[in-house]
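Good morning, and thank you for making time for this presentation. I would ask you to keep the sequence and the model in view while I speak.

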Amino acid sequence: AKTVGPVAGVIGHGTGAIVAMLALSRYRFTENAVLIAADAHGTELLAAELGAVRSLLIHSADDEIASLHDALQ
């Protein structure tokens with residue numbers, strides 16, 4: 001982000017949503033995130049560290065791999 005200039009947002013899908021959360025908690029390079037089918041079980045503490053990052057969560061209620069409950073947590 002320092003090399004290319006301001007970053008408008010980050011998008012993560014599945015495990016990539018966790019990677020996006022981790023990068024944001026460590027480097028805070030943007031204030032916007034889109035998390036698609038987030039496989040976020042066990043990331044509650046990480047999510048708490050994000051603070052005021054605006055996030056859009058896109059997830060199917062019948063996802064058989066990543067539960068909606070875990071993504072909402």
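**Strand pairing and the fold**

Strand S2 and strand S3 (residues 54-58) run parallel and are joined by five bridges. Two strands are said to pair if DSSP finds at least two bridges between them. Within this pairing, Asn32 has Arg54 in S3 as its bridge partner.

A word on conventions. This is a predicted model, in which local features need pLDDT of at least 70 and side-chain atom pairs count only at pLDDT 80 or more, while totals for chains, interfaces and linings use all residues. Residues are numbered from 1 along each chain as its sequence is written, and side-chain values use heavy atoms, with hydrogens and water left out.

On the other pairing, S1 (residues 10-13) and S2 (residues 32-36) are also parallel, over four bridges. Here Val10 stands opposite Ala33 in S2, and Ile11 stands opposite Val34. Together with helix H1 (residues 15-27), S1 and S2 make a right-handed β-α-β unit. The crossover is called right-handed if, with the strands pointing away from the viewer, the path from the first strand over the helix to the second runs clockwise.

For the whole protein, there are three helices and three strands, and their order from the N terminus is β-α-β-α-β-α. The elements are DSSP runs numbered from the N terminus: helices are H or I with at least four residues, and strands are E with at least two.

Let me turn to the faces of the strands. In a regular strand the side chains alternate between the two faces of the sheet. In S1, Val10 and Gly12 form the covered face, and Ile11 and His13 the uncovered one. In S2, the covered face holds Ala33 and Leu35, whereas Asn32, Val34 and Ile36 make up the uncovered face.

Which residues does Ile58 touch, not counting residues up to four places away in sequence? They are Val34, Leu35, Ile36 and Ala37, where contact means heavy atoms within 4.5 Å. Ile58 itself is found in strand S3. Ile58 counts as partly exposed because its relative accessible area is 42%. The classes are buried under 20%, exposed over 50% and partly exposed in between, with a 1.4 Å probe and protein chains only.

Next, the salt bridge. How many salt bridges does a search of the whole structure find? The search finds one, between the side chains of Glu31 and Arg28, at 3.7 Å from N to O. The criterion is a side-chain nitrogen of Lys or Arg within 4 Å of a carboxyl oxygen of Asp or Glu. Glu31 has a relative accessibility of 33% and therefore counts as partly exposed. Arg28, also at 33%, is likewise partly exposed.

Arg28 is found in the loop between H1 and S2. Its phi is near 40°, a positive value in a residue other than glycine. Most residues other than glycine have a negative phi, and most peptide bonds are trans.

Two further residues deserve mention. Tyr27 lies in helix H1 and, at 63% relative accessibility, counts as exposed. Tyr27 and Ala1 are 26 residues apart in sequence, with their C-alpha atoms 9.3 Å apart in space. Is Ile65, in turn, buried or exposed? With 79% relative accessibility, Ile65 counts as exposed; its place is in the loop between S3 and helix H3 (68-72).

Some totals follow. Of the 73 residues of the protein, 27% count as buried. Among contacts between residues at least 6 apart in sequence, 35% join residues at least 24 apart. The accessible surface comes to about 4900 Å², and 60% of it belongs to carbon and sulfur atoms; such areas come from the Shrake-Rupley method with a 1.4 Å probe, and for residues only the protein chains shown count as cover.

Finally, confidence. The pLDDT, which is the predictor's confidence in each residue from 0 to 100, averages 79 over the protein, and 86% of the residues score at least 70. Where is confidence lowest, and where is it highest? The lowest mean, 68, belongs to helix H2 (residues 44-50), and the highest, 88, to S1. Where pLDDT is low, the predicted coordinates should not be read in detail.
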